[in-house]
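Subject: Handing over a structure

Hi there,

Here is the structure I promised to pass on to you. Have it open while you read, and my notes on what turned up in it follow below.

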Amino acid sequence: MVILAAVLGLLLGHTLDVFFDRLYTDGPLAGPAHRCPHCQHALRPLQLIPIVGVAWSRGRCPDCDRRLPLRAFLLAPGSAALFVTAELVVAGFGPALLAGFFATVFLALTFTDLERRLIPNRVVYPSILLAAAFSWAWPDRSVLEVFAGGATALVLTSVMFVFGRGAFGFGDVKMSLLMGLVVGLPSVVVGVFIGTFAAGAFVLPLLLLRILGRRDYIAYGPFIAIGAVVALFWGEPIWDWYFDR
Ligand SMILES: [Zn+2]
């Protein structure tokens, strides 16, 4: 089952990578698969194989010879690792696949935010609908806890959105809502806390050292994703440990 989960994760990550430019809401949906965002050359047969294609061309596009973005290396193996973790941590194969899938969505949103400073609606809205539609599918949380998680995320991050003066964007709110609907209550509190703490631990030193200015763009997507994935896999044990139950 672990191997099957790894293969499914690898294939999902690879597919997302190959169609990555399609995830952005401003791009056309149709057209051939390509990996290189620079020349958008159609995929060669070797590149259809996960990991091997990227390794073969030593991380460069075989057509225009420019460096491929980070996700070309990390998305497929990262997704496989998330599916394996899900299979080991989440009870039941179906829920584990669901957890692996949403963890991979958070990984993909990390890369869209890093690459283009965007949390694309084309990814986040269908994922929110999917999370709501599968609210019944989790073994250890009720439908009520799932929607309470979404509502909690919306309340907590709306406060950050209003007081963040543009630093914490509306895309971040939508991504947090997705986290709430995926991990439920009380894990969402763990997720928001870990995400905020990780962002603070990373950003504050850079602000103090004046490497970053107060007006510089900070991608919060990766930190929300860290919080979401930790909360998805270990939210309840962390909650129980913190409140010493
Ligand atoms: Zn190219």
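In sequence, the donor residues of the zinc ion follow the spacing C-x2-C-x21-C-x2-C. Please keep in mind throughout that this is a predicted model. The four donors are the SG atoms of Cys36, Cys39, Cys61 and Cys64, and they sit at 2.2 to 2.3 Å from the zinc ion. The angles among these four donor atoms run from 105 to 115 degrees, and the site is tetrahedral.

Why does the pair Cys36 and Cys64 tie together parts that are apart in sequence? Cys36 belongs to the loop between helix H1 (2-18) and helix H2 (52-56), while Cys64 belongs to the loop between H2 and helix H3 (70-89), so the pair links parts that are 28 residues apart in sequence. Are these two cysteines buried or exposed? Cys36 has a relative accessibility of 4%, under the 20% cut-off, and therefore counts as buried. Cys64, at 25%, counts as partly exposed.

Cys36 and Cys61 turn up again in the lining of the largest cavity, together with Arg35, His41, Ala42, Leu43, Gln47, Pro62 and Asp63. That lining divides into five nonpolar, two polar and two charged residues. The space inside the largest cavity is about 30 Å³, and the count of cavities of 30 Å³ or more comes to one.

As background, most residues other than glycine have a negative phi, and most peptide bonds are trans. Gln40, which is not a glycine, has a positive phi near 50 degrees. Gln40 lies in the loop between H1 and H2 and is partly exposed, with a relative accessible area of 45%. Asp65 is not a glycine either, and its phi is positive at about 65 degrees. You will find Asp65 in the loop between H2 and H3.

Now to the protein as a whole. Its secondary structure comes to nine helices and zero strands, which gives the order α-α-α-α-α-α-α-α-α from the N terminus on. The radius of gyration is 18 Å, close to the 18 Å that the globule rule gives for 245 residues, so the protein is as compact as a globular protein of that length. Taken along the principal axes, the C-alpha atoms fill a box of roughly 55 × 50 × 30 Å. Of the 245 residues, 46% count as buried.

Next, the largest pocket. How much space lies in it? The answer is about 1000 Å³. The largest pocket is lined by 40 residues, and those nearest its centre are Gly164, Ala167, Phe168, Ile218 and Tyr220. Helix H6 (143-163), helix H7 (170-183), helix H8 (187-208) and helix H9 (221-242) are the elements that each give two or more residues to this lining. H8 provides the largest share, with nine residues. By type, the lining of the largest pocket holds 19 nonpolar, 13 polar and eight charged residues.

Leu185 and Pro186 are joined by a cis peptide bond, with omega at about 10 degrees. Pro186 is found in the loop between H7 and H8.

Finally, here are two pairs of residues to look at in the viewer. Gly92 lies in the loop between H3 and helix H4 (93-116), and is partly exposed, with a relative accessible area of 43%. Gly92 and Trp138 are 46 residues apart in sequence, and their C-alpha atoms are 9.3 Å apart in space. The other pair is Trp56 and Leu29, which are 27 residues apart along the chain and have their C-alpha atoms separated by 28 Å. Trp56 lies in helix H2. With a relative accessibility of 65%, Trp56 counts as exposed.

Happy exploring, and do write back with any questions!

Best wishes

Methods:
Residues numbered from 1 in each chain as written. Predicted model: local features only at pLDDT ≥ 70, side-chain atom pairs only at ≥ 80, totals over all residues. Heavy atoms only, no water. Donors = N, O, S within 2.8 Å, 3.2 Å for Na, K, Ca; no water. Tetrahedral: all angles 85-135°; square planar, octahedral: opposite > 155°, others 65-115°. Helix = DSSP H or I, 4+ residues; strand = E, 2+ residues; numbered from the N terminus. Buried < 20%, exposed > 50% of the residue type's maximum accessible area, 1.4 Å probe, protein only. 1 Å grid on protein atoms, 1.4 Å probe; cavity = no way out; pocket = protein on both sides within 12 Å on 5 of 7 lines; lining within 4 Å. Points joined across faces, edges and corners; volume = space filled by probe spheres on them. Nonpolar A, V, L, I, M, F, W, Y, C, P; charged D, E, K, R; others polar. Rg over C-alpha atoms; globule rule 2.2 N^0.38 Å.
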